[in-house]
Amino acid sequence: MGFWSTLFGGGSPEEKAAPNAAKAEARAQREAEELAEKAAKTDELFERALGKDPENCSYDARQKAAIKLVLANETAKGREAWLSISRDYPNELAHALEQVGVCYHLEKNYRAALENYEAAIRVGADAGHLADNMAEARKGMAAFG
């Protein structure tokens, strides 16, 4: 563009739109790459939480991966991971049920959360530790019917 075109906005509509289209395409590409990276990381965490990562299959590594899934708002995968952990580590069933309850709680499925908290207590979880969560779940159930 020349001096007058710059001052008075010369150029065809297509010429004016081209830079914006290129920016939008670059932004879309960047977002797609970020989503793919996030999905790959989530899949990696999920595999670890399920015990399928031979280098990180300890209880501690699996628990940390399950927690990270929940914190990444992957609550369905988090629930599945905690149930898998409880099958492989039956002495951790109470803790796993508590965490499954937390996943449901975060999803606002208060009835399922309460059921899992109660199940955790039946198999040995500390009722005092879960009292606040259970009270919040009951409030949620009352508020949402």
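Mentor: The largest nonpolar core has 15 residues, and those with the most contacts inside it are Ala-49, Ala-66, Leu-69, Ala-81, Trp-82 and Ile-85. A nonpolar core is a set of buried Ala, Val, Leu, Ile, Met, Phe, Trp, Tyr and Cys residues joined through side-chain atoms within 4.5 Å, where buried means under 20% relative accessible area, with a 1.4 Å probe and protein chains only. This is a predicted model, in which local features need pLDDT of at least 70 and side-chain atom pairs count only at pLDDT 80 or more, while totals for chains, interfaces and linings use all residues. Residues are numbered from 1 along each chain as its sequence is written, and side-chain values use heavy atoms, leaving out hydrogens and water.

Trainee: Which element gives the most to this core?

Mentor: Helix 3 does, with 5 residues; helices are DSSP runs of H or I, at least four residues long, numbered from the N terminus.

Trainee: How do I check the span of helix 7?

Mentor: The expected span is 1.5 Å times one less than the number of residues. The 18 residues of helix 7 (residues 127-144) should therefore span 26 Å, and its end C-alpha atoms, 24 Å apart, agree with this.

Trainee: Which residues of helix 7 are buried, and what covers them?

Mentor: An α-helix has 3.6 residues a turn, so residues three or four places apart point the same way. In helix 7, Leu-130, Met-134, Ala-137 and Gly-140 are buried, and what covers the buried residues of this helix includes helix 5 (93-106) and helix 6 (110-122).

Technical notes: Helices (H or I, at least four residues) and strands (E, at least two) are DSSP runs, numbered from the N terminus. Buried means under 20% relative accessible area, exposed over 50%, partly exposed in between (1.4 Å probe, protein chains only). Contact means heavy atoms within 4.5 Å.
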